[in-house]
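Please open the structure in a viewer and keep the sequence at hand.

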Amino acid sequence: QVQLVESWGGLVQAGGSLRLSCAVSGRTFSSHAMGWFRHAPGKQRDFVGGISGYVLYADSVKVRVTISRDNAKNTMYLQMNNLKPADTTVYYCAADLRAPIRGLRSEYAYWGQGTQVTVSS
């Protein structure tokens, strides 16, 4: 059974940093795309960025985030810097069964349960 588990969300002051992790079990996705999304209440789930043999970021966050992964640990990371109150929401990781990075929620086969990030002003 494939599981994705996000960790290390939390409360941080504006201007601070967080590094979220997404631990995968049940199979490896080292040759497939994985992505990060965020979902605020009442809004659609937005693509933050993804990683495959390359990385791709949403324009809205690309100067403040870095996505990486450690295939030996089967874990993906999302480093977020200079956080703003508008970044407050639940962050999800997802895994695709294909290699190209896609920005649509519907393209991803597996999802984590999400981790809350709260940025105080």
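**Starting point: Thr75**

Select Thr75 and display its surroundings: leaving aside residues up to four places away in sequence, Thr75 touches Ser21, Cys22, Ala23, Ser68, Arg69 and Asp70, where contact means heavy atoms within 4.5 Å. The model is predicted, with local features requiring pLDDT of at least 70 and side-chain atom pairs pLDDT 80 or more, while totals for chains, interfaces and linings use all residues. Residues are numbered from 1 along each chain as its sequence is written, and side-chain values use heavy atoms, without hydrogens and water.

Thr75 belongs to strand β8 (strands are DSSP runs of E, at least two residues, numbered from the N terminus). Is Thr75 buried or exposed? Thr75 counts as buried because its relative accessibility is 10%; buried means under 20% relative accessible area and exposed over 50%, with partly exposed in between (1.4 Å probe, protein chains only). Its side chain reaches the backbone oxygen of Lys73 at 2.9 Å.

**The nonpolar cores**

Next, select Cys22, Met34, Trp36, Met76, Leu78 and Met80, the residues with the most contacts inside the largest nonpolar core, which has 24 residues. Such a core is a set of buried Ala, Val, Leu, Ile, Met, Phe, Trp, Tyr and Cys residues joined through side-chain atoms within 4.5 Å. Strand β3 supplies the largest share, four residues. A second, separate core of six residues includes Ala33, Phe47, Ile101 and Tyr108.

**Charges over rings**

Finally, select Arg19, which lies over the face of Tyr77 at 3.9 Å from the ring centre. Arg45 has its charged end over the ring of Tyr92, 3.7 Å from the centre. A charge sits over a ring if NZ of Lys or CZ of Arg is within 6 Å of the ring centre and within 35 degrees of the ring normal.

Note on methods: Polar contact = N/O pair within 3.5 Å; in protein donor to acceptor, adjacent residues only side chain to side chain.
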